[in-house]
Amino acid sequence: MYHLKTKAASFTIQPTNGGQWLALKLGSPLDGKEMSIVAGHKPADPFFASGSFLMFPWVNRLDPNPWAREPFYPSKHWLTDGNGISLHGLYHNLPRVLKEESISQSDSFVSFSFLLPPEWKDTVIGKMLVTESFYLTDHELKVCYEVKNTSDSEFLFALGIHPYFCLGAARSRVEINFG
């Protein structure tokens, strides 16, 4: 588990289990009281039942799927729905590796890279460098993804995150911005 903290906020992530978000608590900008923002993954639940995870290089369903070949399929990173259509990309359960961190009372930052399966090494997806970063202040969490293509060919992708939010009392609000 990895804990990111400030004076009034905390964020807990499980980098070895697909980057599952376990908890996000922020200080209310109105009265400073702690608010629980994310209904974090419960270890007893299946991965997708209560999870918050990254979806990459596709977000939801692809049919036909251009990745439906070795070394990506079959693998433990491949999931399908009841109709056999692929779900959530290949990164959803990859472990993270700590790249950089900075923790203080006012703001904290952590950045992770991904541990790719060895069989992806000389493939186009193995040449995508993906970084997942979290910047926490007392009142907000900013999430940033950087994708760098080090191959000689174009790489088309979709990216999404899958958080389960917990909206509390009448004064609570969740604001999501995409920059």
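Good morning. A residue is called buried when its relative accessible area is under 20% and exposed when that area is over 50%, with partly exposed in between. D63 has a relative accessibility of 63%, and therefore counts as exposed. Please keep in mind throughout that the structure shown above is a predicted model.

Let me stay with D63 for a moment. This residue sits in the loop that connects β5, residues 54–55, with β6, residues 79–80. How far apart are D63 and H92 in sequence and in space? They are separated by 29 residues along the chain and by 19 Å from C-alpha to C-alpha.

The loop between β5 and β6 also holds P57. The peptide bond leading from F56 into P57 is cis, and its omega is near 0°. As a general point, most peptide bonds are trans, and most residues other than glycine have a negative phi.

I turn now to the protein as a whole. The secondary structure consists of twelve strands and zero helices. The C-alpha trace spans about 55 × 35 × 30 Å along its principal axes.

Of the 179 residues, 40% count as buried. The accessible surface comes to about 10200 Å², and carbon and sulfur atoms account for 53% of that area. If we take the contacts between residues at least 6 apart in sequence, 54% of them join residues at least 24 apart. As for charge, there are 16 positive and 18 negative side chains, and the centres of these two sets lie 5 Å apart.

Next, two hairpins. One is formed by β3 and β4, with six residues between the two strands. Strand β3 covers residues 20–27 and strand β4 covers residues 34–38; they run antiparallel and are joined by four bridges. Within this pairing, L24 stands opposite V38 of β4. In the turn, G32 has a positive phi of about 80°.

The other hairpin is made by β10 and β11, with three residues between them. How many bridges join β10 to β11? There are nine, and the two strands, residues 128–137 and residues 141–149, run antiparallel. E132 has Y145 in β11 as its bridge partner.

T12 belongs to strand β2, which comprises residues 10–14. Is T12 buried or exposed? Its relative accessibility is 10%, so T12 counts as buried. Leaving aside residues up to four places away in sequence, T12 touches M1, Y2, H3, Q20, W21, L22 and A23.

K121 and P71 are 50 residues apart in sequence, yet their C-alpha atoms are 9.8 Å apart in space.

Thank you for your attention.

Note on methods:
Residues numbered from 1 in each chain as written. Predicted model: local features only at pLDDT ≥ 70, side-chain atom pairs only at ≥ 80, totals over all residues. Heavy atoms only, no water. Buried < 20%, exposed > 50% of the residue type's maximum accessible area, 1.4 Å probe, protein only. Contact = heavy atoms within 4.5 Å. Areas by Shrake-Rupley, 256 points an atom, 1.4 Å probe, with all protein chains shown as cover. Lys, Arg positive; Asp, Glu negative; His and termini not counted. Charge placed at Lys NZ, Arg CZ, Asp CG, Glu CD. Pairing = 2+ DSSP bridges.
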